Amino acid sequence: MTLKPLPILLAFLAALTATVAAVAADTASVEFNNAGVQAYNKGEFEAAIGYFDKAKAGNVDPNVVKRNLCNAHQSLGNELAKKGDYREAVGHAESAATLDPVNPSPLVQAGAYYLRLDELNRAIEKLEKAITVKPGELTAHEMLGYAYYRDNDLSSARAQWDYVLEMDPKRPELKERYDKAFREQSVENDFGRYKSRHFQVSYPPEIPAALRTQVIGILDRAFIDIGREFGGVYPPSPIYVILYDAKQFGEATKTADYVGALYDGKIRAPLADGAGNWLPIDEIRRRLTHEYVHVVVKHITGDEPPWWVNEGLAETLSRTLDQDRIKTLQKLYREGAPLSLKGLETTRIGKLDKDAVGLAYAQAHATVDLLWTRYGRAKMITLLQSVGKGQKMDDALREIYRKTYPGIEKDVATTYG
Ligand SMILES: [Zn+2]
């Protein structure tokens with residue numbers, strides 16, 4: 001399953017205001033600058049950048065043109081980020097930061113986009129620099145705390161957040177993040193750490209070394225296998241994995257006791273059951289592979305796709321649609337009341353009881369299995385990318401699969417009914 005990762009503070013960036021100044025002097029550069037201002041005010045940021053670049057080469061107040069160019073890059077970055085294109089967006093934030101090195105805003109912006117791209121080292125570098133440029137900038141401190149948290153440096157994260165909450169106790173959402181990090185820190189305090197090529201794994205000291213080695217092998221294998229299933233998709237390292245016993249998992253995540261594992265920006269999985277027995281290795285493999293699929297899906301989408309796509313993919317690629325599940329599905333489609341896909345789009349797993357959760361997973365599995373095997377992975381990847389760029393699911397399905405929701409539901413029902 002997945003828990004929605006706490007949102008990154010893009011609201012701050014949407015509030016960017018630009019001051020694009022016109023200059024008064026009579027040269028070609030001035031005309032370029034003023035054409036840039038006009039384009040900017042019409043929201044044509046790319047054109048504005050072109051004009052300001054030309055103005056910069058000529059005889060005109062370099063500070064004014066640089067500031068204008070900086071704003072245009074930031075605004076274009078902001079616009080691209082809203083469409084989900086963080087890779088392009090971060091380039092513009094970087095350009096803006098180079099043009100105006102004493103301005104913390106483009107540094108914070110670049111830091112936020114690197115976080116979205118899961119490039120934690122770069123995010124931390126930018127955000128630390130923003131604080132050097134302007135100490136006390138609360139958004140930068142808060143976001144830096146979040147970057148440390150993602151990087152599993154919980155005590156540094158708390159130090160940043162302590163400071164922010166001291167300055168502004170009513171900071172929205174921060175208290176929730178803070179409490180979550182504190183809860184995790186108290187459970188994971190004495191955990192050991194192991195770093196493989198792609199994963200950084202934290203584990204309780206009582207896990208036998210042999211089991212730990214097996215788990216790391218499973219993860220490294222998932223990296224290769226699932227990456228290949230998606231045609232060569234490999235998220236940046238390190239990917240954080242935290243292993244627990246059943247009690248620790250419950251304490252750290254506060255999820256219902258039937259939850260097998262989860263991904264909330266970090267893979268979290270118990271290795272033992274409630275009675276303290278180590279889980280069978282095949283079960284551990286299934287759960288970790290399932291969660292790893294979520295990592296890859298998030299990397300492709302940039303965000304989270306609808307629940308049934310995300311869970312359906314995780315199921316399809318981590319286990320076979322076996323006889324037990326086929327029987328469950330036949331019963332569901334012949335006698336039961338399958339949920340509408342639209343309903344499964346908005347379902348948050350916490351709202352269903354255990355049996356309903358099981359059926360919802362089976363249904364998501366059946367639906368994605370059908371799309372994946374019948375139409376291939378390329379279409380699925382396009383679907384994830386389109387949804388990541390903000391396209392509505394109905395529209396994406398129609399465009400990519402030439403199907404409506406009811407059409408797909410009928411196909412699945414025919415297969416099992
Ligand atoms: Zn899942």
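Start by selecting residues 199-203, 209-229 and 239-244: these are strand β2, helix α11 and strand β3, and together they make a left-handed β-α-β unit. (A crossover counts as right-handed if, with the strands pointing away from you, the path from the first strand over the helix to the second runs clockwise; helices are DSSP runs of H or I with at least four residues, strands are runs of E with at least two, and both are numbered from the N terminus.)

A quick word on what you're looking at. This is a predicted model, where local features need pLDDT of at least 70 and side-chain atom pairs count only at pLDDT 80 or more, while totals for chains, interfaces and linings use all residues. Residues are numbered from 1 along each chain as its sequence is written, and side-chain values use heavy atoms, with hydrogens and water left out.

**Stay on β3.** Show side chains for 239-244. Six of the six residues in this strand are buried, meaning under 20% relative accessible area with a 1.4 Å probe, protein chains only (exposed is over 50%, partly exposed in between). In a regular strand, side chains alternate between the two faces of the sheet. Here Ile239, Val241 and Leu243 point one way, Tyr240, Ile242 and Tyr244 the other.

**Now look at the neighbours of β3.** Which strand is joined to β3 by four bridges and runs parallel to it, with residues 199-203? That's β2. Strands pair if DSSP finds at least two bridges between them. Click Phe199 and you'll find it opposite Ile239; Val201 stands opposite Val241. Next select β5, residues 267-270, which also pairs with β3 in the parallel sense, over four bridges. There, Ile267 is the bridge partner of Val241.

**Widen to the sheet.** Five strands form an open, mixed sheet in the order β1-β2-β3-β5-β4. β1 (192-195) and β4 (262-263) are the edges, each with a single partner strand, so one side of each has no neighbour in the sheet.

**Finally, zoom out.** The protein chain has 20 helices and five strands. Its C-alpha trace spans about 80 × 55 × 40 Å along the principal axes, and buried residues make up 53% of the 417.
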